[in-house]
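Subject: Structure for your review

Hello,

I am handing over the structure below.

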Amino acid sequence: MAHPIVDAERQLQRRDARMSERRQASSHPARFLLPAFAVLGVFFFLPTVFNFIYAFTDWSAFKSDINFVGFENFASLLGDGSLFTALRVTLIYAALVGIMQNVFGLGLALLFERDTRVNRFARVIFFIPVLMSALAVGYIFQALLKPAGAVNEILALVSGQNVHIAWLGDTTWTLVVVAFVNSWKWMGLAMIIFLAGLKTIPEDVLEAARMDGASAWKTFLRVKFPLLAPAITFNFATALLGSLNGFDTVQATTAGGPAQTTEVLNIYIFQIFGYGLYAQATTMSLVLFFLVLVLAFPVVGYLRKRENVL
Amino acid sequence: MSTTTLRPSQPVRSGAAGAARSSRRKAGAWHRLIQPLLVAALCAVVVGIPLWLALITSAKSQGEANLPDLSMPTQWHLLDNYQRAFSEGEVWRGLFGSLLVMVPSVVGVILFGSLAAWILARRSGRLAAVLYAAAISGLILPPAVVTIVLLLRQLGLASTPVGMIFIYMGMYMSIVIFFITGFVRTIPIELEEAARIDGARPVRIFFTIILPLLRPVIATATILVCLYIWNDVFYAFFVLGGGSTTTLQLNLFQIASSNLYQNNWNLIFAYVVISSLPLLVVFIFAQRKIISGITGGAVK
């Protein structure tokens, strides 16, 4: 006997939904979406679609016509090993930046947590590099890290011995140094995000931990760190995405050297574009697209899930 | 971290009163003395030394700047270097170009972005959800930098500021829509409905009711987009390269690239200082707003 009533209700609901959609259409017209989607479509999505086409052509600076060549570009990039080298360097670089930027930022945030005058001043000082261009920061560190540069001079002064470390000339460790420079530039941003996260922790939670006799370290590990999950998500995701797509810092410090050991994907793209090999550059750009796709979505998804569990 | 206040009147709860008191005294010494000293030292070493190197090298002669170090210049060439940076590095042309591409990009992306964000936040249904996902996909996806050049050539916009403006707008539209849509959802719809009953049309409602309410989030988005565009050199190189428009960062890149033939660290660092100064000055005056703006958008 309930059937007719239910049906009537459902019909009513459906009518309501239709009505509200119609009302939405007049109160929030879809044509307002047009300018934004036109710009996005033409200047962001269309070049991305082009990536999928021109990676399979012989587009270059040396001839006027463009022909399809199938997977030839991929084959040549795989054949000379540059694809895997660039992929490996980019991945290691991004992981190092993601970790260092967060560790530095969190350390600074914890150190500058209390609202004293000294701390407020320090926060401003550490935010200055965020405002400078990565190019400028890169040049400063290129000068600092020369074999006869200021860093080695200071180390020599402290240790009392001659120090001639080639910070930017080592085929193994220079990648770490460049990741450090990039993290130095951005740690101020991570710091203020963590500071904002620390501010959201309720005072009574901390009070409870204190009453239970928790040490500062335990309070951090068991209370603050878990509650900082959203800040960690934001910081790690932006650091990872930023450095997968990184160029300026690497270009200004090493330009990909020594012996191509710091040649991230965008440096490679920049260089072969300069040689006029546009199709190969496009192919690498497509590789970067897939690398981000494969890496970013799972990482962001995992970090988000971690937030919910906690 | 409020192990903070030493309040002698506060009764000590635990039995081990002495231990608690001594650990508090230790905490007191840490907060009063050690922590501020540590912070000052950290500022001086970690940020101070790199900035000092740039500043002091920009005041040296070319010969002395050949091997940049932290020492004072034996002869000051401050004015000389900055004058050369202005003439050889074309500071005015770079500044003009930077503003020429940044201002329209930011205005355009904020206006178009908030218009779209309002609709996306208010419309329900699957289509709106799909469109929103597409609109914010640029948060993650990298721009296709090589084929951007090809597209702009086909459109006749290669090496022009107009092309650069549209590329920046496309790149940062996602960030703007993401921030603003989230904010619009917190605005009660009743505010709009009252105006609608009074007969206001959507355009009017958007410009007189919604847009003014978006001020804080628009500030956040503007700061971020300005920061990215002002400091960008990668996309500017691909898009503007070979044209007559240049930016401060492109000029810096040019000067430093000619470093291969002559060591001109004094000029490079003079240019570093000049190109960093505008944002730093803005930051000094609007420090609180900028920091709270950025964090307000990031941690919800």
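**Loop residues**

Pro258(A) sits in the loop between helix H12 (248-253) and helix H13 (265-274) of chain A. Helices here are DSSP runs of H or I with at least four residues, strands are runs of E with at least two, and both are numbered from the N terminus.

Before going on, some conventions. Residues are numbered from 1 along each chain as its sequence is written, while chains are lettered from A and ligands numbered from 1 in the order in which they are written. The model is predicted, so local features need pLDDT of at least 70 and side-chain atom pairs count only at pLDDT 80 or more, whereas totals for chains, interfaces and linings use all residues.

The peptide bond that leads from Gly257(A) into Pro258(A) is cis, and its omega is near -10 degrees. The loop between H12 and H13 of chain A also holds Ala255(A). Ala255(A) is not a glycine, yet its phi is positive, at about 55 degrees. Most residues other than glycine have a negative phi, and most peptide bonds are trans.

Is Ala255(A) buried, exposed or partly exposed? Ala255(A) is partly exposed, as 17 other C-beta atoms lie within 10 Å. The cut-offs are 20 or more other C-beta atoms within 10 Å of a residue's own for buried, 12 or fewer for exposed, and anything in between for partly exposed, with C-beta atoms placed from the backbone.

In chain B, Ser159(B) has a positive phi near 60 degrees. Ser159(B) belongs to the loop between helix H6 (145-155) and helix H7 (161-184) of chain B. Ser159(B) is partly exposed, with 17 other C-beta atoms within 10 Å.

**Chain A as a whole**

Chain A has 14 helices and zero strands. Along the principal axes, the C-alpha atoms of chain A fill a box of roughly 95 × 75 × 30 Å. Of the 310 residues in chain A, 43% are buried.

**Helix packing**

In chain A, helix H5 (residues 117-131) packs against helix H8 (residues 174-199) at an angle of about 130 degrees, and their axes are 6 Å apart. Axes are lines fitted to C-alpha atoms, for helices over the stretch in contact, and angles between N-to-C directions run from 0 to 180 degrees. H5(A) is therefore oblique to H8(A); angles under 35 degrees count as roughly parallel, over 145 as roughly antiparallel, 65 to 115 as roughly perpendicular, and the rest as oblique.

The contact of H5(A) with H8(A) has ten nonpolar, one polar and two charged residues. Here Ala, Val, Leu, Ile, Met, Phe, Trp, Tyr, Cys and Pro are nonpolar, Asp, Glu, Lys and Arg are charged, and the others, Gly among them, are polar.

In chain B, helix H4 (residues 91-122) and H7(B) pack at about 35 degrees, with axes 7 Å apart. Their contact divides into 21 nonpolar, five polar and no charged residues.

**Between the chains**

How many residues does the contact take from chain A and from chain B? The contact takes 73 residues from chain A and 72 residues from chain B, where two residues are in contact if their C-beta atoms, placed from the backbone, lie within 7 Å. On the side of chain A that touches chain B, the largest share is the 13 residues of helix H2 (residues 34-54). That side has 54 nonpolar, 14 polar and five charged residues.

Regards
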